[in-house]
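Keep the sequence and the model open while reading.

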Amino acid sequence: MPKPKIFVTRNIPQPALDRLEEVFDVSVHASGASLGREEFLRAVEDADALLCLLTDSIDKELLDAAPKLKCVSNLAVGYNNIDVRYATQKGIAVCNTPGVLTETTADLAWALLMACARRLVEADKYVRESRFDGWGPLLMLGVDVHGKTLGVIGMGRIGRAVARRAEGFGMRVLWFDPKADPGSMPPEYERTDLENLCLQADFISIHAPLTSDTRHLIGAQQFALMGPKTILVNTARGPIVDETALIKALQEKKIAAAGLDVYEREPEVPAELLALDNAVLLPHIGSASIETRTQMALMAAENAIAVINGQEPPARVN
Ligand code: GLV
């Protein structure tokens, strides 16, 4: 019997491809260039499963172009790139990769937080530009992290892992998440509303999924509540922050700095952001460690394999 077919939209860690080969006839869009839409639509015509990226738009048109499709396996925990409702209507399983990237993404949120607080990128540039001419009492002064207040927006797995790290810095933790169960949270973390979190937190880290409720959750109104020392970190999804309002807040020093791994119209990064010294900008690398990307790819592979074998996949979202 011929093997079922899977289309993989980008090269992924080899162990996951090897695992897929055991079950599927695997076709990979391996070129460095991103996959053109027409090419993508053609590639799924005879696919039984699809392993895709958060940058692939899996909309009605794409799902209709794949009449045999049984599984969309996203190589990401977030799945706002997929029309889950339509996939569900069509009986297509949608899967993601929760859990395996939690700690790695929390590490990166902290790396951004620290980089902003202690001006690491600016300081590195300063040295490279041969401007370092000796220790100075006022040179590159940042702000302390220890003992401050961290505000976490979105207390899912990643938000909690970020909060847990704050304990080591002796920080007070505030959190806002209308969907989280307060009973499951450590009692020393203080639940609050978004307004109060913006008013009180020195550092704000976003870990919510992108939904119609969270789009532009942080905008001009919230920046007005923050102070000139507030540092905002976003490793979740760009559109949760109104980028125009963020740029204005940074330009006018309404907030101190922002550490961003994600952007509103990714991969476009506005020139105004690029021009700012008080923004640390990363290319969406929250889960980008060798270990974690391998785990994610293996999980995405197991998701697709389970669906094709008629079993319950490790992580199905619909
Ligand atoms: C990365 O952004 C993910 O959702 O896994």
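Is D48 buried or exposed? In this predicted model, D48 has a relative accessible area of 8%. Because the limit for buried is under 20%, D48 counts as buried.

D48 sits in the loop between α2 (37-43) and β3 (49-52). Its side chain comes to 2.7 Å from the backbone nitrogen of K5. Beyond its neighbours within four places in sequence, D48 is in contact with P4, K5, K68, L69, K70, C71 and I308.

Strand β3 has cover on both faces. A49 and L51 are buried on one side, and L50 and C52 are buried on the other. Two strands pair with β3. With β1 (residues 5-8) the pairing is parallel and has three bridges; here A49 is the bridge partner of I6. With β4 (residues 71-74) the pairing is also parallel and has four bridges, and L51 lies opposite S73.

The table lists distances from an oxygen atom of the ligand to N or O atoms of the protein.

| Residue | Part of the residue | Distance to a ligand oxygen |
|---|---|---|
| V77 | backbone N or O atom | 2.8 Å |
| R237 | side-chain N or O atom | 2.7 Å |
| H284 | side-chain N or O atom | 2.7 Å |

On its own, the ligand has 190 Å² of accessible area, and the protein covers 89% of that.

Note on methods: Residues numbered from 1 in each chain as written. Predicted model: local features only at pLDDT ≥ 70, side-chain atom pairs only at ≥ 80, totals over all residues. Heavy atoms only, no water. Buried < 20%, exposed > 50% of the residue type's maximum accessible area, 1.4 Å probe, protein only. Polar contact = N/O pair within 3.5 Å; in protein donor to acceptor, adjacent residues only side chain to side chain. Contact = heavy atoms within 4.5 Å. Pairing = 2+ DSSP bridges. Areas by Shrake-Rupley, 256 points an atom, 1.4 Å probe, with all protein chains shown as cover.
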